[in-house]
Each structure stands twice: as structure tokens, then as C-alpha cells.
Amino acid sequence: MLLYFQRFSVVFVTSLVFLAAGCGRLENQQIISNVSPQPESTETTQPSPIDQKGSQIRFINEEAMKISEQGQLKEALQRLEQALATSRDLGDRYWEAVTLNNIGRIYQKQANYSQALLFYQQALLINRELGDRVQLGKTYSNIGYLFDVQNQPELAVFFYKHCLINREIARLNPSVLAEPQPDAYSITVAQTYRILGDKLLKQGRVAEAQRSMDLLKVEEVEGFLQGVRGNEQTAKGIDIIPGEKATKQKLEQTLDNAVALGKELTKLRKISPEQRSPQDKQRIEQLVLSQQQLLKQFNDFISSPTVKAQLDQISRTAKRQSLDLESINELRDNLAKLPEKSILIYPLVLQDSLELVVVSPESVPIHRTVAVTKEQLNQAIAAFRKDLQDPRSNNAKKVGSQLYDWLIKPIENDIKLAGAKQLIYAPDDQLRYIPLTALYDGKQWLIERFSVNYITAASLSNFNTPPQSKYRVLAGAFTKGNYQVAVGNQRLAFSGLPFAGQEVENLAATIPGTQKLLDEAFSPQATVPQMDDYTIVHLATHAAFVVGQPEDSFILFGNGDRVNLKDVATWSLPHVDLVVLSACETGLGGKLGNGEEILGFAYQMQKTGARATIASLWSVDDGGTQALMSAFYTLLSSGKLTKAEALRQAQIALITGDSKGKNSNVPIATSSGLSHPYYWAPFILIGNGL
């Protein structure tokens with residue numbers, strides 16, 4: 001029997017965990033009660049017979065994959081035979097491709113890799129015929145993973161890259177990414193990007209790895225918020241380098257020819273079996289055989305010694321090829337245009353190591369591997385956060401020194417050679433919960449040596465847009481009152497911030513003409529419509545970035561109303577240089593995820609058009625916040641410093657006191673008792689630091 005007519009049934013179950021974290025000053029916030037979730041609506045509509053059969057195919061796939069996880073592979077294949085037959089009877093090409101992917105996964109579990117590849121490729125042809133870049137990308141991921149488990153890293157990388165390329169083109173129409181996805185894939189898209197970055201680093205292909213690591217952050221934002229639209233930069237995907245182009249050309253030729261055959265095959269299959277003429281049946285067999293021959297020729301091609309030699313050669317010429325990659329050259333040009341010498345630092349957290357990638361204007365990207373496990377790193381992060389949040393603790397320097405040894409010391413010489421004064425930082429995973437500025441080198445905090453500018457992803461960021469020449473400030477504050485807010489299954493109480501009023505008064509005194517909104521007057525209805533009339537929007541109120549759903553994270557206004565992260569996306573702030581949230585908290589209740597909620601918040605603010613945001617990673621003493629913000633605005637209003645450098649100098653002022661600082665006019669009293677990182681370290685600048 002022809003391979004194409006074999007019919008089996010497979011199901012795959014994945015789970016997406018959406019992670020987030022929280023903002024609000026602890027002494028003014030407490031848990032009141034647990035809240036039961038509201039029941040979902042039970043209203044339903046009657047499905048059509050075709051919809052019912054589509055649901056049946058989905059159900060069979062899911063059941064088949066469940067029993068495959070229990071080791072019942074033969075039974076799973078038998079069930080998928082039923083799903084494949086039903087999808088073909090209906091002419092449902094989408095579910096036919098899903099089922100073929102699952103069949104491939106079953107064969108892969110049986111270590112029958114050649115059969116798995118053929119079924120994945122049949123799914124690939126249908127995805128291509130349908131023009132479905134989302135599923136096409138995921139099928140490429142399955143093929144990449146297949147070569148990965150066979151220890152063929154060069155081919156794994158080649159197909160993983162095609163997952164990324166198709167995903168990023170699809171991202172230009174984000175609604176297609178938000179549609180429900182079938183469970184037919186070995187790993188998630190985010191896992192594909194992370195594995196691809198790891199594989200490329202192991203092959204010495206650092207420039208390509210940087211691209212994968214950057215776009216991983218875009219994919220993580222999509223996983224948290226959904227509906228994230230790509231841009232001209234993200235849509236470029238990742239470069240196909242010279243050593244891969246022969247394989248790419250053969251792949252495209254094979255797919256084009258096979259899809260042309262598939263279209264004719266689809267037309268013939270729309271004729272019911274009992275009505276097909278002998279000529280129809282013969283032609284179907286010919287088309288199936290021709291498709292199989294095309295795929296076999298391609299598989300023979302990629303297995304040939306010539307192609308293997310070409311792919312093996314890639315890692316040996318990776319450094320030279322890095323100089324020719326468009327994406328990395330654009331990034332280096334952007335760094336070169338910044339007023340201060342800057343480098344870009346990408347950490348990639350893996351299970352058994354921490355990978356560091358450094359991009360500077362003058363050299364090829366640099367890669368360093370640090371021998372620390374993810375578990376060890378996360379333990380240090382949790383300990384560091386605990387010490388940083390306790391102004392009585394004397395252990396912050398000890399743990400900060402350990403993290404310095406992992407994150408900065410391996411690239412210390414690279415930073416020195418680049419002459420960098422500013423570190424542009426794109427943190428990964430739980431590193432998002434700690435401030436890089438508070439790492440300790442044994443003599444100084446990192447902020448005393450460098451300004452630090454956080455970004456979401458380089459492909460989403462504009463480093464070089466200059467700020468407005470004149471500052472106009474809108475300042476809102478929640479100073480009195482008590483409000484309860486439901487967060488997940490908890491109800492939290494938030495009290496007014498007594499020092500927030502003084503914080504706003506000091507700001508108004510520093511920058512004349514500041515528009516002040518306090519308490520009841522500080523409502524979303526009154527505040528949001530006028531935000532874009534100002535260059536700085538300062539919100540002295542509680543905010544929480546919470547592990548969970550985007551709707552759980554919020555900004556609390558002075559009248560008790562809150563705006564969640566989904567709502568923030570509706571703001572339009574193209575004329576705003578800076579949004580300041582001076583009372584934020586992450587890791588509410590000590591719960592840390594992977595920091596996607598922080599990444600998501602930064603993206604949403606960026607999406608409004610605002611060029612930069614200052615926010616805090618934990619709740620801060622009101623008096624300390626007032627002191628730091630007064631120093632920051634005094635420095636910024638001088639017109640001589642960038643936002644990033646003004647924040648740095650304000651933090652140094654708290655560390656050292658005025659008598660030791662460079663700026664005698666900074667309003668921080670000597671020996672003010674604010675030198676502990678609890679007071680100055682949580683404030684980070686995300687976005688354009690100019």
C-alpha cells in the first residue's frame with residue numbers, strides 16, 4: 001500500500017503557563033480575602049455537522065496522544081487512522097495536516113525517524129498549500145526537533161530557523177497567532193527559539209544566536225499578552241547564511257513542486273470514492289507516488305556527504321559570516337549612534353548553563369558560557385531579592401558579588417575593550433526580577449560604574465530617538481484613602497501613600513508648570529485623555545505586575561479605579577518621552593514566574609508610543625522614593641544628562657550622599673540613611689534612555 005494512504009491517529013497535549021508579577025508599597029497593602037472565580041457562561045450554539053466532525057477529529061487526536069503518553073503507541077496510531085480518514089473524507093486539509101504531524105510524533109517516539117520525517121513533510125506540504133504560516137512554522141519546529149534528537153544539530157538549526165522565519169512573518173497579522181492552536185507539536189514556539197539560540201551558540205554562530213534570543217523575547221510577550229504585532233525588523237526573521245543556501249534552494253524547489261501536485265490531488269479527492277473513474281484513481285496514485293519521490297529526493301539530498309560537509313563548515317566560518325549579517329550590522333550601527341559608548345548584553349538561561357552574548361559597535365558578537373545551573377541561578381536570585389528588600393540586611397553585597405561573578409565578570413574584559421559607559425540589558429527569565437545595577441564587584445555597586453538601560457527586545461526598540469527639548473509634566477498621586485482590589489483569587493487592600501503628595505510637590509517645584517492631579521481628581525477618566533499633552537507622565541501610586549494573566553496586573557488610580565495591562569494597550573502616548581511609575585511591585589506575595597509580566601508591561605508601555613518607562617521592581621519606603629525622585633528630576637531638568645544617566649546619578653546620590661557626589665545641587669542630605677540598595681536599586685529604566 002502506498003505510504004500516503006496509511007492512516008493513523010495521534011494526539012499531543014501541551015500546556016501554556018502564562019506568568020506575571022506585581023507593583024505597590026508593602027506597608028500600604030495587605031491581603032483581605034480569597035475570592036472565588038466567577039462562573040463562566042454556559043450559553044452555547046448548536047454546531048453544524050461539519051463542525052461536529054471537526055470536533056470529532058480534534059477529540060480523536062487528543063485521545064490518541066494521551067494514550068501515547070502512557071506508552072500505547074500502537075493503539076494511538078490506530079486511532080489516528082480514524083482521524084486521518086475523517087479529515088480526508090471531509091476534505092479538511094487543516095486537520096489532515098494536524099493528524100499527519102501527530103503520526104510523525106508517534107513514529108518519532110518509536111525511533112522510526114525516516115517514517116516520522118515523511119509524515120512531517122506531508123503535513124508541511126499541506127501547511128504550505130494552505131498558506132498557513134503559523135502551522136507551517138510549527139511543523140518546521142517538529143522537523144527540527146526530529147533532527148535534534150538524532151544529534152544532527154546543523155539540520156536541526158536549519159529547520160528551527162524556518163520555524164522562526166514563518167512565525168515572524170505571521171506576526172505581522174497577530175490575529176492569526178491568537179487563534180486556538182491544535183496540540184500537534186513536540187515543543188512550543190518559545191522553546192524552539194530558546195533551543196535554536198542554544199544550538200547556534202554551541203556552533204559558534206553568535207550573531208544568529210543573538211537574533212534568536214532577541215526574537216524569543218517578542219515570542220514571550222506574545223505568549224503573555226497575545227496579539228503582539230510584529231514590525232519591519234521582526235519580520236526579517238533570521239538570516240539564511242551562505243552555507244545553508246543550497247539546502248534552502250532545494251527545499252523551496254521541492255515544496256513548490258510537491259504543492260503543485262497536492263493541489264491537483266485535493267481536487268481529485270473531492271470526488272467521492274464511489275464516483276471516481278478508473279482514470280481518477282490511477283491519477284491519485286501517480287500524484288501520491290510523485291510527491292513521495294520528491295520528498296525522498298530531498299531527504300537523500302540533505303543526507304548526502306556534500307551537503308553534510310557544507311553544513312559542517314558553517315561553524316568553522318561563523319565568525320567571518322557574522323560580519324555579513326544584515327540584522328547584526330543594523331544593531332551595531334544603532335549602538336554606534338548613541339552619545340555614550342554602549343554595549344548590548346543578552347543572557348540566555350538554560351538548564352545547565354548561563355550563556356552571555358555581548359554586542360558592541362566595533363566587533364563581532366561575543367559569547368561566553370558560565371557554568372551555573374538554572375536552579376542555582378534562581379536560588380541566588382530569590383536570595384538576592386530577599387536581601388535587597390530588607391534595609392536591615394547586610395547580605396546584599398555577598399549575593400550581589402556572586403551574581404556579578406556570573407553575569408558581569410565573564411564579560412568584564414569585553415566591556416573594557418569596548419570602552420562602554422552604558423550597558424543596554426535584555427534580561428531573561430527570572431533575571432527580570434533583580435536589578436543589574438545592584439550587582440557588587442567587591443568594591444562598588446555596578447551602578448557606580450555604568451548606567452544601565454533595560455530593553456524588551458532590540459528588534460522592538462529605538463535607541464536613538466532624541467527627547468523633547470522642553471519638559472512638560474503631568475503628575476498624579478494617590479495620597480489618602482483605602483481601596484480593595486481583587487487579584488486572581490485574592491483581595492488586596494491598598495492605602496494612600498503619604499509621601500506621594502510631597503513627591504509631586506517637589507516635582508512641580510523642580511519643573512514649573514507641572515500639572516498635578518491628586519486622589520479623586522487622579523482618575524483614569526481625567527488623567528488618560530491628557531497624558532499625550534505632556535512629555536513626562538509621573539504616577540505616584542500603586543501598581544502591581546502579577547504572576548498570572550495580563551488582567552491581573554494593574555495601575556491603581558487615586559479614585560480607586562484600576563487600569564490593567566490589557567487596558568494600557570489602548571493608551572496613545574506618541575509625544576511622551578517618559579512614564580514614571582514610582583510605587584511598583586513585582587513578585588507579589590513572593591511568587592516569581594519567569595518575568596513575562598514585567599516584559600509584558602514594558603512592551604505595553606512601548607506600544608503606547610512612550611519612549612521610556614521608569615518603574616520599580618519591589619515596594620519602596622515612601623521617603624526613599626521621594627528622595628530619589630527629587631534627585632532624578634533635579635538632574636534631568638538641568639538638560640545636561642540623558643534619562644539613564646540622570647537616574648544613575650540620582651541613585652549614586654542616595655548611595656554616597658551629596659558631599660561625595662558629582663552634583664552638589666542634588667537634594668539628598670549627607671548621611672540620609674538611604675544608601676542601602678533597598679532604597680535606590682529597584683528603579684529601572686526601560687526603553688530609550690536618551
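When I say two residues are in contact, I mean heavy atoms within 4.5 Å. Helices (H or I, at least four residues) and strands (E, at least two) are DSSP runs, numbered from the N terminus.

Okay, housekeeping. This is a predicted model, where local features need pLDDT of at least 70, side-chain atom pairs count only at pLDDT 80 or more, and totals for chains, interfaces and linings use all residues. Residues are numbered from 1 along each chain as its sequence is written, and side-chain values use heavy atoms, with hydrogens and water left out.

So, the overview. We have 24 helices and 16 strands in the protein. Of its 690 residues, 59% are buried, and buried here means under 20% relative accessible area, exposed over 50%, partly exposed in between, with a 1.4 Å probe and protein chains only. Take the contacts with a separation of 6 or more: 77% of them come from residues 24 or more positions apart.

Now the helix pairs. Start with H6 (residues 153–170) and H9 (residues 206–225), whose axes come within 12 Å and cross at roughly 50°. That angle makes H6 oblique to H9. For the record, axes are lines fitted to C-alpha atoms, for helices over the stretch in contact, and angles run from 0 to 180 degrees between N-to-C directions. Under 35 degrees is roughly parallel, over 145 roughly antiparallel, 65 to 115 roughly perpendicular, and the rest oblique.

Who actually meets whom between H6 and H9? From H6 it's Lys161, Leu164, Arg167 and Glu168, and from H9 it's Glu208, Ser212, Leu215, Glu219 and Glu222. By class, the contact of H6 with H9 has 6 charged residues, 2 nonpolar and 1 polar. Those classes: Ala, Val, Leu, Ile, Met, Phe, Trp, Tyr, Cys and Pro are nonpolar, Asp, Glu, Lys and Arg are charged, and the others, Gly among them, are polar.

Phe301, Ile302 and Ser303 of H11 touch down with Pro305, Val307 and Lys308 of H12. By class, the contact of H11 with H12 has 4 nonpolar, 1 polar and 1 charged residues.

On to the cores. A nonpolar core is a set of buried Ala, Val, Leu, Ile, Met, Phe, Trp, Tyr and Cys residues joined through side-chain atoms within 4.5 Å. The largest has 125 residues, and those with the most contacts inside it include Tyr140, Phe159 and Trp571. H9 gives the most to this core, with 10 residues. Looking beyond four places in sequence, Trp571 touches Val528, Met531, Ile555, Phe557, Val563, Met605 and Thr608. There's also a second, separate core of 84 residues, with Trp445 and Tyr433 among them.

Next, Tyr120, which is in helix H4 (residues 113–130). Is Tyr120 buried or exposed? Buried, because its relative accessibility is 0%. Setting aside neighbours within four places, its contacts include Asn101, Arg105, Asn142, Leu146 and Ser186.

Last thing, backbone. Most residues other than glycine have a negative phi. Asp429, though, has phi near 55°, a positive value. Asp429 sits in the loop between strand E5 (422–425) and strand E6 (451–454), and it is buried at 8% relative accessible area. Asp519 has a positive phi too, near 50°. Asp519 is in the loop between strand E10 (515–518) and helix H19 (524–527), and it counts as buried at 10%.
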